[in-house]
Amino acid sequence: MTDVVSLIAAMEISQADEVYNLAAQSFVATSWEQPLTTTDIDAAGVTNMLEAIRIVKPGARFYQASTSEMFGLAQTTPQTEKTPFYPRSPYGVAKLYGHWITVNYRESYNMYACSGILFNHESERRGKEFVTRKITAAAARIKAGAQRCLELGNLDAKRDWGHSKDYVRAMWLMLRQDTPDDYVVATGETRTVREFAALAFKYAGIELEWSGAGMDESARDKASGETVVKVNPAFFRPAEVEMLLGSPVKAERNLGWKREIGFEELVERMVRNDLALIRG
Ligand code: GDP
């Protein structure tokens, strides 16, 4: 993404009709450690890709993976295509550039360029640095006796979590319309990290105990012996996105998109997969 010559060659060789830009430094926490790499890939990289398309095959259709992190300190709830942006991390700021340069190339050059503002989407293949997979992988390891406890940061953060399989279908639908546009893709439900963990441990068949700042007084009184989930301030972020909740109304209406996998099934699938991996 940082080498426009390679991207031009990729377009020349492939003669692609559709380009989906899912390339990114996509982990929010890392973006404070590597803000410039994040900017090169997630912001300037989008211009590189758009230029390669414009130079080689301007009729190709382009999908840009934008993100709910652009809403950050959310200005309205639920967040829609019209909600003002307020990113809270170098990642969110870089992605906002990628979003606007996509809009700008559409308007400047009449390119078929769409930006999908996707809320958190997870799957069995999610990287273990993200909280969902970190939780389900740990639940499986704890169940197998390979790990004693799980350390997390902000348990109160709320996210609108869907399954990637549904969300990839929305990307594909965006490139099959008469006119290019931008869409929020979300479930319309929000859950805390605490709720995700509670459900994952339930599916893994582990009785959960909380320890540290994240639990209330009654839970602290009851906690004894083995501690399963601990709050570790090292996992808190310099600036947090406390709550995200997206409205899929436009995507449902214009694209005919509907998510098929709900929150419970998402958690269950991830836990089941991690249990199978550790048993295997
Ligand atoms: P993000 O929404 O793209 O930042 O996805 P993440 O899965 O990395 O984080 C989702 C939320 O979980 C954020 O609000 C984090 O602060 C919160 N969180 C709490 N504990 C952890 C943890 O141990 N790891 C990660 N990655 N996130 C955590």
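Predicted model: local features only at pLDDT ≥ 70, side-chain atom pairs only at ≥ 80, totals over all residues.

Trainee: Which residues does the cis peptide bond join?

Mentor: The two partners are threonine 77 and proline 78, with an omega of about -5°; proline 78 belongs to the loop between β2 (61-67) and α4 (90-109).

Trainee: Turning to the ligand, which residues come nearest?

Mentor: A residue is counted as near when one of its heavy atoms lies within 4 Å of the molecule. Here there are 19 residues around the ligand, and those that come nearest are Lys134, Gly153, Arg159, Arg237 and Glu240. By class, the shell divides into nine nonpolar, three polar and seven charged residues.

Trainee: How should I read the polar contacts?

Mentor: The cut-off for a pair of N or O atoms is 3.5 Å. An N or O atom in the side chain of lysine 134 is 2.7 Å from an oxygen atom of the ligand, a backbone N or O atom of valine 131 lies 2.9 Å from a ligand oxygen, and a polar side-chain atom of arginine 159 lies 2.7 Å from a ligand oxygen. The protein covers 97% of the 540 Å² of accessible area that the ligand has on its own.

Trainee: Why does the ligand lie between domain 1 and domain 2?

Mentor: Both domain 1 (4-124 + 162-188 + 245-261) and domain 2 (131-155 + 193-241 + 265-279) give residues to the shell around the ligand, so the ligand lies between them. The space that the ligand takes is the largest pocket, and the elements giving two or more residues to the shell are α5 (131-143) and β5 (150-152).

Methods
Residues numbered from 1 in each chain as written. Heavy atoms only, no water. Polar contact = N/O pair within 3.5 Å; in protein donor to acceptor, adjacent residues only side chain to side chain. Areas by Shrake-Rupley, 256 points an atom, 1.4 Å probe, with all protein chains shown as cover. 1 Å grid on protein atoms, 1.4 Å probe; cavity = no way out; pocket = protein on both sides within 12 Å on 5 of 7 lines; lining within 4 Å. Sits in = over half its atoms within 2 Å of the grid points. Helix = DSSP H or I, 4+ residues; strand = E, 2+ residues; numbered from the N terminus. Nonpolar A, V, L, I, M, F, W, Y, C, P; charged D, E, K, R; others polar. Domains from an automatic or database assignment.
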